[in-house]
Amino acid sequence: MAQGRPPRLVLLHGSDFLLVDEVVERLAPPLDGAEGLGREVLYADTVTPEALVAAGNSPGLFADRLRAAVETARSRPSGWPTEGTTVVFVAVTTDRRAPGLRLVPDPDRVEIRAPVGRAVPTWVRERAKAQGVECTAGAAQALVELIGEDLARLAAEVEKAALYLDSEPGGRRRLTEEVVRDLAGETRVRQYWELTQALEEGNRPRALHVLERLLAAGEPPPVVLVWVVGYVRSLGRALSAMADGADVRGVGAALRGGPRRPDFAVERLMARATTAGVAGVATAVARCYETERRLKSSAGSPRALLTVLVADLAG
């Protein structure tokens with residue numbers, strides 16, 4: 001395409017809608033700009049074989065799953081699509097064996113692979129760079145840890161940050177971890193993320209600071225306890241998965257619920273679980289249970305009970 005020779009037929013597929021859609025949009029200008037070439041969009045659940053073949057005999061961009069019609073049209077002596085026409089099939093799927101992907105031979109398929117694990121923060125930084133924003137490594141990791149590996153949400157947060165930095169005095173478009181914490185997500189959600197991160201890092205001063213902010217903002221102590229228990233539960237699941245020989249991905253899969261954790265966050269949790277060990281996790285569970293019992297029976301100040309619990313778990 002870059003050399004001015006658009007293919008007659010290509011199938012784009014991938015697991016992430018955002019990436020597939022952006023590649024389609026990048027294809028559109030050179031195709032639409034070719035002499036006599038326009039765009040027609042057809043959808044797999046409504047198009048007929050006749051419409052598919054007709055579209056391939058005139059300029060068009062469309063998606064379809066009617067393999068028999070494609071094979072019949074391609075068997076013509078003149079071939080299909082006709083000269084000067086480019087047909088682009090688009091499939092968003094995680095199944096590489098999906099029937100629709102067999103519409104065209106292997107050489108005509110292009111898989112658009114989404115970044116995973118450690119590649120996601122790099123993708124975030126490249127995304128920011130494309131918008132004229134310098135994104136630090138710490139900011140990219142913080143954003144991925146807070147949002148998860150949902151590329152559409154990450155792209156939206158990068159765009160939000162770019163707009164925010166445009167309004168800052170001095171004109172320096174630099175995205176730092178502090179900016180991420182100010183912009184990404186609701187304040188309450190961000191603070192719980194910071195509390196969990198501090199517990200996983202064993203950072204007692206930071207954990208107690210975040211706890212104080214939550215309580216000062218009026219967060220109910222039982223709700224705070226639920227998040228602390230969630231951290232302890234994650235420790236136990238990580239430890240159990242590691243005992244079964246699971247690697248980073250295996251441990252991540254065992255941490256069900258919420259956005260998928262990036263590998264570096266899972267590794268941090270694994271390190272903390274290893275330090276705690278079975279006895280440490282068991283003690284943490286007992287401490288959470290005792291705190292819950294005393295909260296429910298009003299046996300002590302809720303603030304003091306949670307402060308002691310968080311201080312113990314982050315030690």
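In this predicted model, Phe17, Val90 and Val92 make a nonpolar surface patch of about 260 Å². Valine 90 belongs to strand S2, residues 87–92. Its relative accessibility is 31%, so valine 90 counts as partly exposed.

**Confidence**

The protein has a mean pLDDT of 79, and 79% of its residues reach 70 or more. Over residues 58–65 pLDDT stays under 50, and for this stretch the model has 43 contacts beyond four places in sequence. Where pLDDT is low, the predicted coordinates should not be read in detail.

**Nonpolar cores**

The largest nonpolar core holds 36 residues, of which Leu195, Leu199 and Leu313 touch the most other members. H10 supplies the largest share, nine residues. The residue ranges of these helices are as follows.

In soluble globular proteins, nonpolar side chains tend to be buried together.

Not counting residues up to four places away in sequence, leucine 313 touches Leu199, Val228, Tyr231, Val232, Arg272, Ala284 and Cys288.

Helix H5 spans residues 137–147, and eight of its 11 residues are buried, so the helix is largely enclosed by the rest of the structure. Those buried are Ala139, Ala140, Ala142, Leu143, Val144, Glu145, Leu146 and Ile147. After H5 comes glycine 148, with a positive phi near 95 degrees.

Leucine 146, among the buried residues of H5, is 115 residues from arginine 261 in sequence, yet their C-alpha atoms are 8.9 Å apart in space. Arginine 261 sits in the loop between H11 and H12. With 24% relative accessibility, arginine 261 counts as partly exposed. Leaving aside neighbours within four places in sequence, arginine 261 is in contact with Glu149, Glu200, Ser234, Leu255, Val266 and Leu269.

Notes. Residues numbered from 1 in each chain as written. Predicted model: local features only at pLDDT ≥ 70, side-chain atom pairs only at ≥ 80, totals over all residues. Heavy atoms only, no water. Patch = residues over 30% accessible without salt bridge, like charges linked within 9 Å, V, L, I, M, F, W, Y side chains within 5 Å. Areas by Shrake-Rupley, 256 points an atom, 1.4 Å probe, with all protein chains shown as cover. Salt bridge = Lys/Arg side-chain N within 4 Å of Asp/Glu carboxyl O. Helix = DSSP H or I, 4+ residues; strand = E, 2+ residues; numbered from the N terminus. Buried < 20%, exposed > 50% of the residue type's maximum accessible area, 1.4 Å probe, protein only. Core = buried A, V, L, I, M, F, W, Y, C linked by side-chain atoms within 4.5 Å. Contact = heavy atoms within 4.5 Å. pLDDT = per-residue confidence, 0-100.
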